[in-house]
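Please report on the local geometry of this model.

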Amino acid sequence: MQMEERFNFKDIEPKWQRFWEEKNIYKVTENTEEADKYYCLEMFPYPSGNLHMGHVRNYSIGDVVARFKTMQGKNVLHPMGWDAFGLPAENAAIKHGIHPTKWTTDNINNMRSQLKSIGLGYDWDREVATCYPDYYKWTQWLFLHFYHKGLAYKGKAAVNWCPSCATVLANEQVVDGACERCETTVIKKDLEQWFFKITDYADRLLEDLQKLPGWPEKVKTMQKNWIGKSVGAEIVMTVEKTGDEIPVFTTRHDTIYGVTYMVLAPEHPLVDKLAAGTEYEKQVKDFAARVSTMDSMERISTDMEKEGVFTGSYAINPVSQNKVPIWIANYVLMEYGTGAVMGVPAHDQRDLDFARKYNLAVQVVINPEDDPLPDGDRLEEAYADPGIMVNSGPFSGLPNKEGQVKVAEYLEENGLGQRQVNFRLRDWLISRQRYWGAPIPIVYCDKCGTVPVPEENLPVMLPTDVEFRPNGESPLNLSPDFLNTTCPKCGGAARRETDTMDTFVCSSWYFLRYASPKANQLPFEKEAVNYWMNVNQYIGGVEHAILHLMYSRFFTKVLYDSGLVDYDEPFANLLTQGMVLKDGGKMSKSKGNVVSPEEIIDKYGADTARLFILFAAPPERDLEWSDKGVEGCYRFINRVWRLVYGHYDQLKGVEASVKINNDNDKELWRLTNAAIKKVTEDVGERFNFNTAISSVMELINGMYSYRDQAKGEVNMPLVKEALNKLLALLAPFAPHITEELWHIIGNESSVHLQQWPSYDPKALIRDEITIVVQVNGKVRDKVKIVADLDRDGMIEAVMALDKVKKWVEGKEIVKTIAVPKKLVNIVVK
C-alpha cells in the first residue's frame, strides 16, 4: 500500500467500514469448543432520529470492550437493536401526519447509518426492532406465558385523565398539572388495567443482589431501596364515629403509645366518608384534588413541603385506647403499605415537623437509657435511637427492642394486629392507553369473559389504517376492524383489548432475542440463549438503574422458573456511564449547548470523536465537553500517522523481530512492554480507558524520542515490532487509523482479529532510572540512580547533588519524602 503524507479520514474511515462489513468480521456463531464466549451489550436506543454524544459515549465504551475481548481470543457477541415503541412516534403522527411505522423506520435507518459511521463493531445480522411484528409477536407470547402462570392480572389503577380531550395522558404529557395539548387541569381516574405480579418475586429480587458482585454498589442500593423490604406489624385502627377499620403498617410498633395522630393518603377510599358532613369537607376535597395532580416521586421527595388537612374524624388507638385525629397529607401514597400511617412525632423527625406545623400533640415513649428526654411540648428533635420504653402502659421499663417483640405478641393475642413483612415494590402496571405499543393479546366475550388469544393466532397486529386525532385518543378505540373480533372459545362476537404494553416489557427480554433473532418457534432458541447468556458486560446510563434492570431481572427469573433458560440473573457485570455535559450542564436544544456527533465526525473523523469521548474522563463519571480536548485528540491521531510515515520507506520488506543492540533499543522495548501491561490492566480490569490511552501516548512519545536519539542507527525490525504492538493496543479505541496503518506497514488480515499483545516482565526491568528531585514540592533537579535503590540510598544520592546543597544550605530540613523509583522531596524551612 502507498502512504499519503496526511491522514485522510474522510476516505480511509468509510473504506474500512465497508471492508469490515463485506468480510463479516463481526459476525459470530455459537462455538462451544474453540473459544470462550463473551457477551458485550449496551442498552439499545430509542430511535429518535439522531445520535447524541451520550449515545457515542455509551457505544464507544462497549465497542472498546468488545474489540479488546475479541483480540483476547473470546467469541464475542456484540449486537445492536432498537427500543422502537413509544409516545414520540404517536406525537409525530398527530403533528406531522406521518404514520409511526414510517417515522420509526426512517429514524432507524438514519441512526443505523450514524452508528456505522462511528466504526462500531456490531453483528448487524442480529439486529432487532421491538416495533416489528416478528419481535412483538414474542412479546405477546411472553405476556400469555405470564398470564397462564398467574403472573398477569387485571386490576384498577389511577391514570392521568384530561376531561377536555377525554383521554389518558402519559406522565410526560402533564405539565404543571395540566394537559400539554389543551392546558386543562388533569385529574386522576381509576381504570381497569393490566399488571404483572412482580411482587411475587420481591424477596428473590432483593436476596439475589448478592449474586451480582460485578454491579456498582450504588445501583444495588437503589434496587434495594426500590424493593423496600420492611419488617414490622400491621395494626388496626378503628374510626370512632363509623366503626370502619384502618390497617396501618409500621416498623416501630414499640412506639404505639406515642401515636398522637394518623395520616391517610388523599386517595384513600375512606377519605370522603370521614369528611362527609363536617366543616372540613370542602377543604378535604380541594386538597385531595390538588394532590392528585402531583407526581408520586415529587410527593415523597425530602425537598417537598409536607402539607395536610384534618378530616374532622378520629380513630381509636387499639392498644392505648387514645382518640387520635385523622388527617390526609401529600406525603402519604396509596400505593405504599396500606395508604395510612401513624404519626409518632416524638420519635420521627418528619412526624415532628408535621406536628409542630399543625399544632398536634407530641408524646415521648422512648427515653435514652441515661438521659431522659424533655416533655413532648419542649422536644426540639425527634429521638429515633434505641432506649427504654416510657409512658407505654405495661411495656414501660422494657428496652424498646424487647418491647417490639412484646407489643407484637400482644397485638396478635388480642386480635388487634399481626407481624408482617411489607415491600415498597408494587405490581408492575403494564397497560398503556396508546397506539404505538405491543397490543395485549386478550379479547372480551360477553359469554366467556376474558379470553387469551391462542398462541397460533399471534401476533395480534397493529392496524395501519388508523386515524390519529388531535386529542391523543388511542386510534385502536376507533378502529372497528381491530376492535371487533370473534371469541377464540365460543366463536361469538368479542372485542379486543385496546391497551398496549409498556415499552419496558419489550426491553425486558431483548437481550435474549439477540441470541437467536430469527427464531420462529419460540421467542428464542434455548440452546443459543444458554450458550450466550448471561450477559458478561452490560453498559448503560444510571437513569435505568431501577426500572429497566429490575424488570429484566424479573423476566429472567420467571423464565428460569419455567425451564426456558438455565440462569436466573441476566447481567453478570454492569457499567453505568456518566453523562456528557457542556458548559457545566446536560446537553439540550433549549440550552443551545448540543454538540452533533455528525459535525464532529465530519470535521475530525470518527477516531477522533471516539478517542476524545474515551479519554476525557473515566466512564462512570460525567464528561465535560471540550473543543480543545477534541482538537488535542485530533493532533494525537495525526501524530500516530506521522510516526509511521516517518519510517514508511525504511519499513518496506522488514520483518518484525526483537533484537536489542543498545540502550536506546532496550528503552524502546521497555516502553512498549510497559504500555502493553498498563493498557491490558486498565481495559481488562478497571475500564480506565483514559489512563490506557495515556499509556499509548507515552509510547508514541517514546518512539519519537527513540528515532531522535538513534541518529541513523534505527533498529527497523524492532521499530516494526513496536509499531505492531502499538497499533494493536490502539485498535479498540481508534479502529480506522490502526487498520489502515496495520496494512500500510505490511501486515495482512485485520488488526482487529490479531491476538492481543502480551508483555515480557523481564523487559520492564531498568538498570538505571531517572528520578525527580524536589525542594518544598518544586522540581530542582533530576538524577539517575540504580533502579532498585532503597529509600535511604535514594536520599543519600539526592543530598549529594550540588543543586540540592544550594537549596537547603542554612535551612532546617523538616522532613524528606521518598517515593520509590519516582522522586525525592525535601521539605525545608
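The report below goes through helices, then sheets, then backbone exceptions.

This is a predicted model.

Helix H1 covers residues 9-23. Its 15 residues should span 21 Å at 1.5 Å a residue.

Which residues of H1 are buried? They are Phe9, Ile12, Glu13, Trp16, Gln17 and Trp20. Viewed down the axis of H1, the buried residues fall within an arc of 130°, so they line one face of the helix. The cover over these residues includes helix H2 (53-71), helix H4 (100-117) and helix H18 (597-604). It also includes helix H19 (606-615), helix H20 (627-651) and helix H24 (735-744).

Gln17 sits in helix H1. Is Gln17 buried or exposed? Its relative accessibility is 18%, and the cut-off for buried is under 20%, so Gln17 counts as buried. Its side chain makes polar contacts with backbone oxygens. One is the backbone oxygen of Lys116, at 3.4 Å. Another is the backbone oxygen of Ser117, which lies 3.1 Å from a polar atom of the Gln17 side chain. Setting aside neighbours within four places in sequence, Gln17 is in contact with Lys116, Ser117, Ile118, Gly119 and His736.

After H1 comes Asn24, with a positive phi near 55°.

## Helix H21 and its ends

Helix H21 runs over residues 663-686. At 1.5 Å a residue, its 24 residues should span 34 Å. The end C-alpha atoms are 33 Å apart, which agrees.

What caps the N-terminal end of H21? Asn662 does: a side-chain oxygen of Asn662 lies 3.1 Å from the backbone nitrogen of Asn664. At the other end, H21 is followed by Phe687, whose phi is positive, near 55°.

Strands of a sheet pair through backbone hydrogen bonds, either parallel or antiparallel. Here, four strands form an open sheet in the order E32-E31-E34-E33, with mixed pairing. E32 and strand E33 (813-819) stand at the edges. Each has a single partner strand, so one side of each is left without a neighbour in the sheet. From one strand to the next, the twist averages 20°.

E33 pairs with strand E34 (residues 823-828) in the antiparallel sense, over six bridges. In this pairing, Lys815 stands opposite Val827 in E34. Helix H25 (residues 791-799) lies across E31, E32, E33 and E34. H25 runs at about 120° to E33.

Strand E13 (residues 308-316) is joined to strand E10 (residues 229-239) by two bridges, and the two run antiparallel. Thr238 has Ile316 in E13 as its bridge partner.

E13 also pairs with strand E14 (residues 323-329), again in the antiparallel sense, over six bridges. There, Tyr314 has Pro325 in E14 as its bridge partner. E13 and E14 form a hairpin with six residues between them. In the turn, Gln321 has a positive phi of about 65°.

## Backbone exceptions in loops

Most residues other than glycine have a negative phi, and most peptide bonds are trans. The table collects some exceptions.

| Site | Feature | Value |
|---|---|---|
| Leu458 and Pro459 | cis peptide bond | omega about 5° |
| Met533 to Asn534 | cis peptide bond | omega near 0° |
| Asp583 | positive phi | phi about 55° |
| Asn776 | positive phi | phi near 55° |

Where do these sites lie? Pro459 is in the loop between strand E22 (449-452) and helix H13 (480-483). Asn534 is in the loop between helix H16 (526-532) and strand E26 (537-541).

Asp583 is in the loop between strand E28 (580-582) and strand E29 (585-586). Its relative accessibility is 65%, so Asp583 counts as exposed. Asn776 is in the loop between strand E31 (768-775) and strand E32 (778-786). At 42% relative accessibility, Asn776 counts as partly exposed.

Technical notes
Residues numbered from 1 in each chain as written. Predicted model: local features only at pLDDT ≥ 70, side-chain atom pairs only at ≥ 80, totals over all residues. Heavy atoms only, no water. Expected span 1.5 Å × (residues − 1). Polar contact = N/O pair within 3.5 Å; in protein donor to acceptor, adjacent residues only side chain to side chain. Buried < 20%, exposed > 50% of the residue type's maximum accessible area, 1.4 Å probe, protein only. Pairing = 2+ DSSP bridges. Axes fitted to C-alpha atoms, helices over the stretch in contact; angles between N-to-C directions. Contact = heavy atoms within 4.5 Å. Arc of directions from axis to C-beta.
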